[in-house]
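Hi there,

Here is the structure I promised to pass on.

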Amino acid sequence: MFFFFGEKAAGVNRVRGIAPRRILLSSGIVAIVFFILAGYATLQLPWFGIDFQAAPDGQGLAIANVDASSPNQKTVVPGQVVVALRDASQRTVALTPLLLTDEPDTLSGTELARFIQNQTALSEIVDNEPVMITAQGELIPLLSERAPLTFLLGSFAVQTVYTLISFFIAIGIWVVRPDQIATRFFALSGLGVMLVGLPLSVYTSRELVVHGQFFQYLSAVNHAGSLIICASLVSLFWVYPRWLSKPSIVVPLLLYAAAAGCWVLWVMTLFNGGGNAGLTVYLPILLSYLIGLVFAGTQWYASRNRPTDRAALKWCLLAIFSGTVMLIGLVTIPPVFGFNPIVPVVIGYGGFLMVYLGLAAGLLRYRLFDVERWWFKTWLWFAAGLLVVVFDLVLVFFVNIAGSSALAVSLALSGWLYFPLRQVLWEKVGQRSDTPRDEALRELVDTLFSAKTERQIVVTWPSLLQHTFKPLQLKPWRELVAEPTISRDGVRMLVPAFGVDDWPQMLEFPAEGGRLFSLQDLRMIHLLHDLTHKALQGIRAREMGAEVERHRIMRDLHDDLGARLLDLVYASDTPACRDIALSAIEDLRGLVDATSGDSVKLGHLITTCEGEARTRLNEARTTLKWRLVADLPDNQMVSARAVANIMRTLREAVTNVIRHAEADKVDVEWRVERNTLIIAIADNGDATDPSEWLPGHGTRTIHTRTGDLGGKAVWHRNRPGGSRLEVSLPLPL
């Protein structure tokens with residue numbers, strides 16, 4: 001004790017004779033050893049791979065989640081409610097939300113005793129073939145095994161990170177300021193943090209079961225650390241920045257003695273029926289807090305003529321009160337009045353880290369020259385935050401509003417934390433695109449390389465925008481857009497069209513309404529639009545080149561092959577050869593027309609098809625009935641490719657009738673239904689049922705031609721005789 005409390009005595013010289021890094025190394029080894037022991041103890045807890053939570057009606061525990069590597073993965077499912085555990089000896093323990101309490105020491109004496117008793121019984125049941133009893137009375141075997149190392153990445157990791165960082169900060173400050181009494185108190189408080197955090201990390205990591213006696217030992221160590229922290233930090237304000245009286249350790253010794261007495265009382269009651277931490281631990285902590293306030297106020301007055309002391313004190317006060325409001329105000333004070341902590345213990349104990357980081361800055365007197373610049377602004381922010389806690393406590397303790405509702409109301413009344421935190425997150429994270437740029441570019445490149453026509457790219461462009469930005473609304477914009485733009489409020493983004501047949505696109509609220517459009521989004525859409533525009537230019541250039549080459553080939557065919565076929569017509573000695581040559585000339589003329597790229601009206605196509613079909617059927621002495629259903633869109637334009645495919649389909653259908661049907665009547669009907677052109681060719685021949693036909697060249701040709709236009713061809717049995725072909729083609733063609 002003299003080693004820590006003596007001022008410039010032999011103990012100090014011994015410390016000065018040891019290199020700081022050696023002390024830090026030794027402290028680190030000790031901390032790592034205790035960390036390993038705590039981790040080992042945590043891994044020895046029964047692990048079921050099941051996350052339990054309180055059942056909605058408060059009766060039993062509900063299974064919230066089942067780990068993929070759980071030994072019970074095949075026997076339980078989320079949503080089941082378990083009301084009790086039973087072992088092979090028929091010993092049964094009811095499961096209540098009390099068993100899931102993060103910090104059981106906050107329970108009343110009776111509840112804590114019941115908690116310890118039930119945990120002991122559950123530990124014994126788990127070792128004796130346990131089964132779960134569901135709310136429906138079903139018995140399900142409960143298997144446990146040693147937890148995987150990944151189990152330590154949850155609550156255990158959070159608690160130990162708080163603990164180890166705070167501990168090393170405290171020790172690190174002491175080894176570089178070994179001759180200051182304040183740093184020794186700070187180092188003792190760091191030891192207290194170690195005693196608090198490691199046991200807490202063990203029993204708060206449990207899934208359900210921790211042996212009652214083991215919990216008692218952990219709780220005893222935990223509260224020893226809490227009382228050491230309180231005595232150390234109160235003593236710190238007794239001596240820092242200046243001694244409040246002549247250098248004397250009487251007051252600190254009294255504080256540590258009082259803490260030791262409270263701890264002994266707690267341990268005695270803990271091992272004799274449960275104990276009441278509210279009187280023996282939490283009330284002393286609250287009193288220590290109040291005494292610390294008195295000492296801090298006295299220090300504030302004493303440092304009125306010492307600017308550097310005042311600045312250092314400001315650092316410490318900010319650290320103490322920002323961290324302890326979270327820790328003591330939300331976790332420690334409510335149990336004194338018989339209420340549960342307002343926030344989870346894991347979150348509340350994060351206040352330790354805030355305290356130790358701030359105290360380290362104050363004790364080292366770091367950047368004290370600019371503390372005045374933000375002092376009042378920080379305290380105004382802090383006072384607004386404290387208002388949330390005050391509102392919450394008033395609503396819980398005096399208005400009897402439930403904890404969650406009280407917190408919601410207090411946040412609504414004060415709103416100090418949400419908006420600053422939201423602003424920070426907005427600046428750091430919120431402006432990032434939900435879809436990584438490389439993913440959007442990869443999808444765009446795949447689309448551009450797989451597209452064969454401009455239309456394919458234009459049609460898939462809205463889906464690319466949807467996938468990249470995930471807007472709540474994406475629709476065509478009926479006004480001219482010259483370049484990608486974002487509205488001033490960031491709600492809307494407008495994207496230009498790619499041609500006269502396309503519309504600009506309007507996007508609203510990206511990330512499914514989770515954020516607004518940013519400058520990064522604007523840069524992204526510029527990049528995507530420019531790449532797509534260049535790809536369309538490439539396709540147009542390719543199509544123009546192909547068109548030039550196609551016209552050259554057609555011109556050569558017409559001039560060379562056509563001339564030779566015509567010579568063959570005049571040189572033929574028989575009518576059969578002459579007819580074949582004339583038919584070849586007609587096919588060549590149709591091929592040239594089809595590849596010319598010129599569209600024709602649907603009415604013109606129908607008239608051309610009728611003329612050819614009537615000529616051929618007349619030669620075969622077959623009657624043709626050509627019918628057009630009313631409202632047929634004669635002015636509908638049909639592409640050259642569609643003209644060629646339709647004419648050859650009808651030509652092949654007429655050929656099949658002439659060759660195979662032995663019919664004397666053919667009925668051709670043209671109609672439009674639901675934006676689909678339907679051409680029906682029926683005959684009265686004696687053909688068999690089409691389902692019995694073997695596929696031949698003619699039917700395959702018809703399927704190929706109609707499929708090339710996105711349509712289909714179907715044959716039916718005609719009544720009373722013959723067959724019926726229906727060709728369905730989607731418009732426009």
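A word on conventions first. This is a predicted model, in which local features need pLDDT of at least 70 and side-chain atom pairs count only at pLDDT 80 or more, while totals for chains, interfaces and linings use all residues. Residues are numbered from 1 along each chain as its sequence is written, and side-chain values use heavy atoms, with hydrogens and water left out.

**Overall**

The protein has 23 helices and 17 strands; these are DSSP runs numbered from the N terminus, with helices being H or I of at least four residues and strands E of at least two. Of its 733 residues, 46% count as buried, where buried means under 20% relative accessible area, exposed over 50% and partly exposed in between, with a 1.4 Å probe and protein chains only. Taking contacts between residues at least 6 apart in sequence, 70% join residues at least 24 apart; a contact here means heavy atoms within 4.5 Å.

**Around β3**

Strand β3 (residues 81-86) runs antiparallel to strand β2 (residues 61-66), and 2 bridges join them. Strands are called paired if DSSP finds at least two bridges between them. In this pair, L61 has V82 of β3 as its bridge partner. β3 is also joined to β5 by 4 bridges, again antiparallel, with L85 opposite M132 of β5. With strand β4 (residues 92-94), β3 pairs in the antiparallel sense over 3 bridges, and R86 stands opposite T92. β3 and β4 make a hairpin with 5 residues between them, and Q90 in the turn has a positive phi of about 70 degrees.

Is E129 buried or exposed? Its relative accessibility is 63%, so E129 counts as exposed. Leaving out residues up to four places away in sequence, E129 touches R86, D87 and A88. E129 and L142 are 13 residues apart in sequence and 7.6 Å apart in space, C-alpha to C-alpha.

**A helix pair**

Two packed helices are described by the angle between their axes and the distance between the axes. For helix α7 (residues 212-239) and helix α8 (residues 250-270), the angle is about 165 degrees and the axes are 9 Å apart. Axes are lines fitted to C-alpha atoms, for helices over the stretch in contact, and angles run from 0 to 180 degrees between N-to-C directions. α7 and α8 are therefore roughly antiparallel; angles under 35 degrees count as roughly parallel, over 145 as roughly antiparallel, 65 to 115 as roughly perpendicular and the rest as oblique. Residues making the contact include L227, I228 and W238 of α7 and W263, W266 and L270 of α8. The contact residues divide into 17 nonpolar, 5 polar and no charged, with Ala, Val, Leu, Ile, Met, Phe, Trp, Tyr, Cys and Pro taken as nonpolar, Asp, Glu, Lys and Arg as charged, and the others, Gly among them, as polar.

**The four-strand sheet**

An open sheet of 4 strands has the order β7-β10-β9-β8, with antiparallel pairing. Its edge strands are β7 (473-476) and β8 (485-486), each pairing on one side only. Helix α17 (residues 454-469) packs on this sheet, where it touches β7, β9 and β10, and its direction makes about 20 degrees with that of β10. β10 (residues 505-508) pairs with β9 (residues 492-495) over 4 bridges and with β7 over 4 bridges. E508 is the bridge partner of Q473 and also of R492, while Q505 is that of V495. From β10, Q505 and L507 point one way and M506 and E508 the other, and all are buried.

β16 and β17 (residues 723-730) pair in the antiparallel sense over 6 bridges, and A713 stands opposite V727.
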